[in-house]
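Work through the following exercises with the sequence and the model open. Each task is followed by a solution in steps.

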Amino acid sequence: MPRVLSLYLPTWPTDRLRRKLGDTAPPADVPFALKGSDGRRRVITAIDEFARANGIYIGMPVAKAESLFADLVIMDADLRGDEVGLEKLAIWALRLYSPIVATDTPDGLVLDIQGAAHLYGGEAGLISDVIARLADLGITAYAALADTWGAAHALARFGQKTTRIVEPGGQSDALLKLPIAALRLPAEMMPDLLLLGLDTIGELAAKPRAPLTQSFGPKLFRRVDQAFGRLAEPIEPVESPELISVQRIFAEPIGAPETLEKYTRRLTDMICDRMEEAGLGSRRLDLHYTRVDNRIETIFVATAKPVRDPKRLGRLLCDKIETVDPGWGVDKMTLTAAFVEPLVPKQVVAQYSAPPRPDVEELWDTITNRYGRESLYRAVSVATDIPERAVKRTSPTSTEVGSKRNASYRRPQRIYRRPEPILALAALPDHPPRAFTWRGQRYSVLCADGPERVRGEWWRNDNEKGKVRDYFILEVDNGERFWAFRAGDGQHEGTGSLKWYLHGKFD
């Protein structure tokens, strides 16, 4: 079952024009709109968030908007430019997030993220990442994830939430109360449907089909069935002409796993030859299996560094063939190098007698593609006194060595992700606890070492200005050693709460 992500970009035309105009664009505190023609009428076709907040809406006659809002800036819409820009944005999403991305004109994108979400820590992580990246580009986005394109499209635009994730199989309940305008029906249908008293999708879905189909045609309930998942709606992915791609079309559909594997390896050989001619290596390969029912099954593999070895890439792709549902057969296969980089020769050994260094990159790629990007990383030390910031994750292929500043500090082998509160009995201001209670168990302290004072990093966060922690190493009666701290210096009120926390344990 696909998982379809719909991205609604309500201010896409105005955002794009602002970036194009640069310094000559209207100020951000002035309502901005674009105009176009609706038959013989001149109407507002796009608005920014400030114009929306002032009561301007898409479809409003231009004359009315000009008469009501004296400071409104109106420019001519560039529909063709918006379409081209949206296609470029789709290619951007294709490279970063999913091998199946299409434009959802005039103001959105649609992505099939089945099998891709684990690379970002799950569906919520992928959505957060794409919304944050679009915000960095100056683009406002609303996102909805569901099993069908129709449901995701409707919830992104009418769900009244910035982000909406519908659990698999739950789109029916999510759609019932939405207005029928969410079904992507032709504009000429809407007045007559509203005249019949059909305000929501649930009301429309409950009506007898024959009379309405006779009056409005088959498209009415086709949209309903597509949204509820009763009828397939294929996503035709955007194609970038500059991407290296190879294709195989079959006279008769294929579906046996061994046959799919055979042609997967052949396509891998072909695309590696193409990349060798261009002096490139692949960082991500997308393989589309187009079925006879026009549904596209997709697998993709990503590598830590550019790779052009057909055996290695073929093995990674074939490991995922078991996730492909060929249905009644596959009649076309397309393999695309979605992300490539120059591939330079790499020295393996320094001299004939020296053994070659083990190549662990293939192992990294196998683990990452099987379990996700977050499952494999290197820990690198950071120049900071705050213990929870002293280590960060980085790519296993990173050459970063980290800071040696904290090498001489006494730190426990196990540091808790968040300090855990404890009840401690201690004299102020510099004495360690005599006893403490943690997770319901009481410990008596036999000996202690400290305090080690750590000051807040005020340049990172204003709330840490003047804050201190006093850390102690505590050895308890059963021989265990803990690392605890008191928030505050025990004398000045603004330095901390004077509460005690357990932050780590020595093995």
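The model is predicted, so local features need pLDDT of at least 70 and side-chain atom pairs count only at pLDDT 80 or more, while totals for chains, interfaces and linings use all residues. Residues are numbered from 1 along each chain as its sequence is written, and side-chain values use heavy atoms, with hydrogens and water left out.

**Exercise 1.** Classify the ring pair formed by Tyr471 and Trp483, and state where the two residues lie.

Solution. Step one is the rule: rings of Phe, Tyr and Trp (its six-membered ring) pair if their centres lie within 6.5 Å; planes under 30 degrees apart count as stacked, over 60 as edge-to-face and the rest as tilted. A search of the whole structure finds 14 aromatic pairs. In the pair of Tyr471 and Trp483, the centres are 4.3 Å apart and the planes 25° apart, which is stacked. Next, locate the residues: Tyr471 is in strand 18 (residues 468-476) and Trp483 in strand 19 (residues 481-487), 12 residues apart. Strands here are DSSP runs (E, at least two residues), and helices likewise (H or I, at least four), numbered from the N terminus.

**Exercise 2.** Classify the pair of Tyr471 and Phe485, and decide whether Phe485 is buried or exposed.

Solution. The ring centres are 4.9 Å apart and the planes are at 40°, so this pair is tilted. It ties together parts 14 residues apart in sequence, because Tyr471 lies in strand 18 and Phe485 in strand 19. For burial, under 20% relative accessible area is buried, over 50% exposed, and in between partly exposed (1.4 Å probe, protein chains only). Phe485, at 3%, is buried. Tyr471 is buried at 1%, and Trp483 is buried at 1%.

**Exercise 3.** Which residues do ring pairs link into a cluster with Tyr416?

Solution. The cluster joins Tyr416 with Phe436, Trp438, Tyr443 and Phe482.

**Exercise 4.** Describe the surroundings of His153.

Solution. Start with position: His153 is in helix 6 (residues 149-158), and its relative accessibility of 9% makes it buried. Then take polar contacts (N or O atoms within 3.5 Å; within protein, one able to donate a hydrogen and the other to accept it, and residues adjacent in sequence counting only if both atoms are side-chain atoms). The His153 side chain makes one with the side chain of Asp104 at 2.7 Å and one with that of Arg157 at 3.3 Å.

Key:
Contact means heavy atoms within 4.5 Å. Lists of a residue's contacts leave out its neighbours within four places in sequence.
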